[in-house]
Amino acid sequence: MGILTFIIVLGVLIFVHEFGHFYFAKRAGVGVEKFSIGFGPRIFSFRRGETLYQVALIPLGGFVKMMGDNPDEPSTGSEKEYLSRPVRDRMPIVLAGPVVNLIVAFLLMPVVYMLGVQVPAFISQPPVVGYVTPETPAAAAGIQAGDHITAIDGKPMGTWEDLLASTLAEPNKRIEVAVERNGATERMPVELGQADNGAALFGVQPPAETVIAHVQPGSPAAEGGIVKGDRVVALNGEPVSHWVDMAERIQAHGAEPMQVGIERAGEVREITLTPRVGDESGRVVLGIQKAEELELQRYGFFESIGEGVSRMGQMTVQTFQILGKLVTGQLSMKALGGPIRIAQATSVAAESGLADVLSLMAFLSLQLGILNLLPFPVLDGGHVLFMSIEAIRRRPLSRRALEISNQVGFVLLLVLMVFVTKNDIMYTWGPSIESFFDKLF
């Protein structure tokens with residue numbers, strides 16, 4: 001089911017992208033010889049008018065073959081030939097593909113909010129503190145695990161959503177926190193701090209059990225025999241009852257062997273695990289993910305439009321931030337994923353329901369739109385760049401310059417695809433095959 005969903009999702013996104021090129025080519029009077037979803041050997045095809053429509057074996061892309069779009073082919077001077085048309089006709093044809101992807105992304109996300117999005121169940125629960133992060137404003141003020149936060153500056157706090165809304169927006173603000181503890185109410189002044197992301201820093205966490213929901217294949221936890229459903233009850237003999245506390249203590253311990261006490265089927269056992277450095281930041285990982293109780297939250301029509309557009313705006317900004325960090329070296333290229341991880345994400349989304357599948361489609365469509373607009377040879381953005389230069393110079397770049405640029409771009413794109421596929425394999429099957437890649441590359 002997961003693979004079929006992956007093929008359908010990718011096929012739809014490729015179709016709308018190529019349809020954008022196709023539609024505007026037809027509208028401009030440019031002849032289209034072939035419309036293909038996929039590459040490689042043809043699975044099936046049919047012809048209608050001058051165009052051959054086909055589905056090919058490899059579902060990782062597609063193309064629209066227009067008349068006269070290859071400078072190496074002899075030109076007849078016909079207006080149906082792509083390269084015979086002026087820049088003002090060709091530019092919309094090239095831009096249409098990624099622009100349609102962006103439009104689809106912004107249309108899909110409101111539908112997701114109407115169907116309902118999964119939110120952490122604690123959001124609608126009373127704000128009872130599960131853990132206080134050390135050396136934070138909450139810890140300095142004396143707030144403790146088990147405290148029930150009832151008010152901020154006299155305003156009642158009925159849920160965690162109320163609490164987060166009242167404490168995240170204004171960093172470095174002084175607030176008065178009313179907590180209920182042992183049947184009595186105490187009021188505490190708190191000087192909010194500021195987190196790395198610019199939000200206000202308070203330091204309280206909702207309850208989060210140390211039950212493991214997923215074990216990454218090839219990780220230290222998997223190699224040590226940890227399985228889904230295990231509960232971590234101790235680290236190096238010290239009891240642990242909250243996920244954040246456990247994660248912080250693992251980070252503080254570093255990449256040294258540690259004794260992990262786990263409870264399975266009512267029986268407690270100890271396993272020796274050695275955390276592994278996960279990325280260039282130096283953070284260590286065991287390869288476990290927590291279980292999180294979720295609930296469905298639906299929005300009305302107009303709320304969905306607002307939430308959906310806002311979410312896509314956030315994702316757009318985040319995409320450019322990540323691209324900037326990749327270019328400047330602040331983010332490792334090892335963070336990039338490819339088809340295997342997309343297929344895994346699609347499989348997980350398919351199990352969760354239609355809303356998650358559409359959410360993933362919106363995300364992927366946004367990425368396709370943005371990445372294809374980058375001014376890189378062989379991408380749509382590269383063609384836009386060359387046409388812009390042509391418009392300024394009033395004549396096209398030389399055939400040799402275009403040929404070299406496209407060849408270099410193709411090779412770099414191929415290297416990138418190999419690299420992200422390697423990342424996917426390493427992420428999925430772990431470092432046991434790292435030596436193979438070291439020899440190969």
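Reader: What makes the link between the side chains of Ser-36 and Gln-54 a polar contact?

Author: Happy to explain, and please keep in mind that this model is predicted. The two side chains come to 3.0 Å, and the cut-off for a pair of N or O atoms is 3.5 Å, so the pair counts as a polar contact. The side chain of Ser-36 also reaches the backbone oxygen of Gly-38, at 2.9 Å.

Reader: Why is Ser-36 called buried?

Author: Its relative accessible area is 0%, and buried means under 20%, so Ser-36 qualifies. This residue lies in strand β1, residues 32-48. Leaving aside residues up to four places away in sequence, Ser-36 touches Glu-18, Gln-54, Ala-56, Gly-62 and Phe-63.

Reader: Now to another part of the model. How do you know that β15 and β16 pair?

Author: Pairing takes at least two bridges, and these strands have seven, so β15 (residues 258-264) and β16 are paired. Their sense is antiparallel, with Gln-259 standing opposite Thr-272 in β16.

Reader: Which strands make up the open sheet, and in what order?

Author: The order is β14-β13-β15-β16, with antiparallel pairing. Both β14 (238-239) and β16 (267-273) are at the edges because each has a single partner strand, which leaves one side of each without a neighbour in the sheet.

Reader: Which helix packs on this sheet?

Author: That is α6, residues 243-253. Helix α6 touches β13 (231-235), β14 and β15, and its direction makes about 45° with that of β13.

How values were computed. Residues are numbered from 1 along each chain as its sequence is written. This is a predicted model: local features need pLDDT of at least 70, side-chain atom pairs count only at pLDDT 80 or more; totals for chains, interfaces and linings use all residues. Side-chain values use heavy atoms; hydrogens and water are left out. Helices (H or I, at least four residues) and strands (E, at least two) are DSSP runs, numbered from the N terminus. Contact means heavy atoms within 4.5 Å. Axes are lines fitted to C-alpha atoms, for helices over the stretch in contact, and angles run from 0 to 180 degrees between N-to-C directions. Buried means under 20% relative accessible area, exposed over 50%, partly exposed in between (1.4 Å probe, protein chains only). A polar contact is a pair of N or O atoms within 3.5 Å; within protein, one must be able to donate a hydrogen and the other to accept it, and residues adjacent in sequence count only if both atoms are side-chain atoms.
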